[in-house]
Amino acid sequence: MAQQATHEANPFATDPSDELPVGLQLTWRLRALIATGRLAAGERLPSFRRLAEWAGVNVNTVRAVYAGLEREGLVVSRHGRGTFVAEGIEAASQLEEIANEALQRARDAGLSPRELAIVASACANMPEAPGEEPLGAAELPDPDRESEAIEVRRELRRQIGRLEAELGSYPLDLPRDLPTAPRRATGHVAGVEELEQTRDTLIAQLSAAQRAAEERARQTGRERAQGASPLERAMSWWRHRL
């Protein structure tokens, strides 16, 4: 097994000609491994010299990368022992699945994975429109003016909130051709009928997303049978050399 691993591409090799500095390339790879749980809390990272050799960079570059991760609270250094993933890190394994799905969609469309990453980063950092309420904001009913209609709206909002939270677990599985609930101007107070329409729309979306997720899970199972994911291969390559 170890002999076979020596023929695999080095997943930590950096590209000096890339527009991203080599230190940032290495930082993002380590952050990805930590964020997805491939590097678990408490796990020891390679020494400065070993990672520098793998990445083809100066030892001081690795030292700076580890220092930056430590400032972010992702790793801790222990004198005489090395650098470890910080305890209490909450990994999200679904990030890897979401990323692989997005990359596959980009490849299927003949698009560049790098351009996908650039656009995703730009979208995530765009400021909200002036006056736009944060997502999930909802008007709370006045307890002094509660009535049966207000209580119904409150319950519908609870249902909608639960459905939205559950639907958020399927970011890649929602069919695009489903009808959506009408959007109202900021400050609009939704009535019972409108809230029921929103709830029913979310139920239909969730049902479709769950079916799509089941199909994607079956497809992922077939793909995994054919080969490991990039991050899984990276950790396999790493551990064969420890």
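1. A residue is called buried here when its relative accessible area is under 20%, exposed when over 50%, and partly exposed in between (1.4 Å probe, protein chains only). By this criterion E96, at 10% relative accessibility, counts as buried. The residue lies in helix 5. Contact means heavy atoms within 4.5 Å; leaving aside neighbours within four places in sequence, E96 is in contact with T36, R38, S229, L231 and E232.

2. The basis of the note is as follows. This is a predicted model, in which local features need pLDDT of at least 70 and side-chain atom pairs count only at pLDDT 80 or more, while totals for chains, interfaces and linings use all residues. Residues are numbered from 1 along each chain as its sequence is written, and side-chain values use heavy atoms, with hydrogens and water left out.

3. The chain holds nine helices and two strands. Helices (H or I, at least four residues) and strands (E, at least two) are DSSP runs numbered from the N terminus. From that end the order of elements is α-α-α-α-β-β-α-α-α-α-α. Of the 242 residues, 25% count as buried. Among contacts between residues at least 6 apart in sequence, 69% join residues at least 24 apart. The accessible surface (Shrake-Rupley method, 1.4 Å probe; for residues, only the protein chains shown count as cover) comes to about 16000 Å², of which 52% belongs to carbon and sulfur atoms.

4. Helix 5, residues 94–108, has 15 residues. The span from its first C-alpha to its last is 21 Å, close to the 21 Å expected at 1.5 Å a residue, where the expected value is 1.5 Å times one less than the number of residues. After helix 5 comes G110, with a positive phi near 75 degrees.

5. Which residues have the most contacts inside the largest nonpolar core? They are F12, L30, L39, L51 and W238, in a core of 24 residues. Such a core is a set of buried Ala, Val, Leu, Ile, Met, Phe, Trp, Tyr and Cys residues joined through side-chain atoms within 4.5 Å. Helix 2, helix 3 (48–55), helix 4 (59–71) and helix 9 each give two or more residues to this core, and helix 4 supplies the largest share, five residues. Another core, of eight residues, lies apart from it and includes L167, L195, L202 and L206.

6. W238 touches F12, L30, L33, L39, R44, L45, P46 and W54, not counting residues up to four places away in sequence.

7. The structure holds four aromatic pairs. Rings of Phe, Tyr and Trp (its six-membered ring) pair if their centres lie within 6.5 Å; planes under 30 degrees apart are stacked, over 60 edge-to-face and the rest tilted. The F12 and W237 rings have centres 6.1 Å apart and planes at 55 degrees, so this pair is tilted. Because F12 lies in the loop between helix 1 (2–5) and helix 2 (22–35) and W237 in helix 9 (residues 230–239), the pair ties together parts 225 residues apart in sequence. Both F12 and W237 are buried, and ring pairs link F12, W54 and W237 into a cluster.

8. V76 is placed in strand 1 (residues 75–78) and is partly exposed, with a relative accessible area of 29%. Beyond its neighbours within four places in sequence, V76 is in contact with E70, G82, T83, F84 and A86. The C-alpha atoms of V76 and G42, 34 residues apart along the chain, are separated by 9.0 Å.

9. R78 lies over the face of F84, at 4.4 Å from the ring centre. A charge sits over a ring if NZ of Lys or CZ of Arg is within 6 Å of the ring centre and within 35 degrees of the ring normal.
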